[in-house]
Amino acid sequence: MLKIPGYEDGPLVQGTAYLDDPLFWPVHLGSCLRQEDAQRAAFGADWDAAMELYHVLSAEREWPVFSVPLSSGHTIHVVYRNIEGDRGVDYLIHHPAWSAAETLAVDDGHFMGPGMAWPELLSTARQSATEGVADPDARLVLLFPTLGDARLPDDARVALTIALGALTLIEEPAEVASMLLENQGQWAPAHWRLADGVCINDGGHSYRNPGNAFALPEGRLLEISNALNGGEATDHQTSG
């Protein structure tokens, strides 16, 4: 049984095998596909099969975990929290020196986030890894639900389209990419800025907004910023 320090809620199992199923990706992105047109474009004729996969992923007896190692030594864990009546996906980050993992974002009915700006998502996706989820496209789409960025670069749609085209059977990946970027996560897109070397945002539900009473401690915010950005954050990696 897998263990994540400080996260002792359920029977964690390795979920890597699901990544080879093209239907996994639209199922995983379900909370970002809220409109009927978006669901139709993403699932097409595979709706019933997708719902079957969702029920497997959300079974209480096993909680799939997908681990994304970073070059800094940190690891992002994506956990399907399969508690009846309280299902959701938790996005955690941990370092071996920490006594417990920290939460970046929570994708459920009581959502918390955003957890990343677009440049951080792209940086995290492109960091090399020899274990866990190593494919850049898979890392990008797996972590996409943590995104909340009010200012996206022009090439964001292109990067997401390429990833969806590589991983899924979606007929019009560019159309779905546009819909996803218009409906980032369950929160309002946040504005990100650099403050004393730390990437922070103004999201009212974000652990990375120091103005929130539940925000992560200052030291953790700095360490997480550096880890996600592959080093120290710089001004061009923030959005205003």
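## Basis of the description

Residues are numbered from 1 along each chain as its sequence is written, and side-chain values use heavy atoms, with hydrogens and water left out. Because the model is predicted, local features need pLDDT of at least 70 and side-chain atom pairs count only at pLDDT 80 or more, while totals for chains, interfaces and linings use all residues.

Helices (H or I, at least four residues) and strands (E, at least two) are DSSP runs, numbered from the N terminus.

## The largest pocket

Rolling a probe the size of a water molecule over the atoms shows where empty space is left. A pocket is an open set of points, on a 1 Å grid over the protein atoms alone where a 1.4 Å probe fits, with protein on both sides within 12 Å along at least five of seven lines; lining residues have an atom within 4 Å of a point. A volume is the space filled by probe spheres set on the points, which are joined across faces, edges and corners.

The largest pocket has a volume of about 400 Å³. It is lined by 19 residues, and V27, H28, G30, S31 and Y54 are the closest to its centre. At least two lining residues come from each of α1 (24-28), α2 (36-43), α3 (47-57) and β4 (88-94), and α3 supplies the largest share, 3 residues. The lining comprises 8 nonpolar, 8 polar and 3 charged residues; here Ala, Val, Leu, Ile, Met, Phe, Trp, Tyr, Cys and Pro count as nonpolar, Asp, Glu, Lys and Arg as charged, and the others, Gly among them, as polar.

## The second largest pocket

The second largest pocket has a volume of about 180 Å³. Of its 14 lining residues, A42, F43, D46, L169 and I170 lie nearest the centre. Helix α2 gives the most to this lining, with 4 residues. By class, the lining of the second largest pocket holds 9 nonpolar, 2 polar and 3 charged residues.

Strand β3 (residues 75-81) is largely enclosed by the rest of the structure, because 7 of its 7 residues are buried (under 20% relative accessible area with a 1.4 Å probe, protein chains only; exposed is over 50%, and partly exposed lies in between). T75, H77, V79 and R81 are buried on one side of β3, and I76, V78 and Y80 are buried on the other.

Two strands pair if DSSP finds at least two bridges between them. Strand β2 (residues 63-69) runs antiparallel to β3 and is joined to it by 5 bridges, with P69 as the bridge partner of T75. The hairpin of β2 and β3 has 5 residues between the strands, and G73 takes a positive phi near 100°. On pairing with β4, β3 forms 7 bridges, again in the antiparallel sense; Y80 stands opposite V89. This second hairpin has 6 residues between its strands, and G85 in the turn has a positive phi of about 85°.

Helix α6 (residues 156-167) has 12 residues and reaches 17 Å from its first C-alpha to its last, close to the 16 Å expected at 1.5 Å a residue; the expected span is 1.5 Å times one less than the number of residues. Its buried residues are A156, A159, L160, T161, A163, L164 and L167. They are covered by elements including α1, α4 (118-126), α5 (136-143) and α7 (173-182), where contact means heavy atoms within 4.5 Å.

In α7, P173, V176, A177, M179, L180 and L181 are buried, and the buried residues of this helix pack against α2, α4 and α6.
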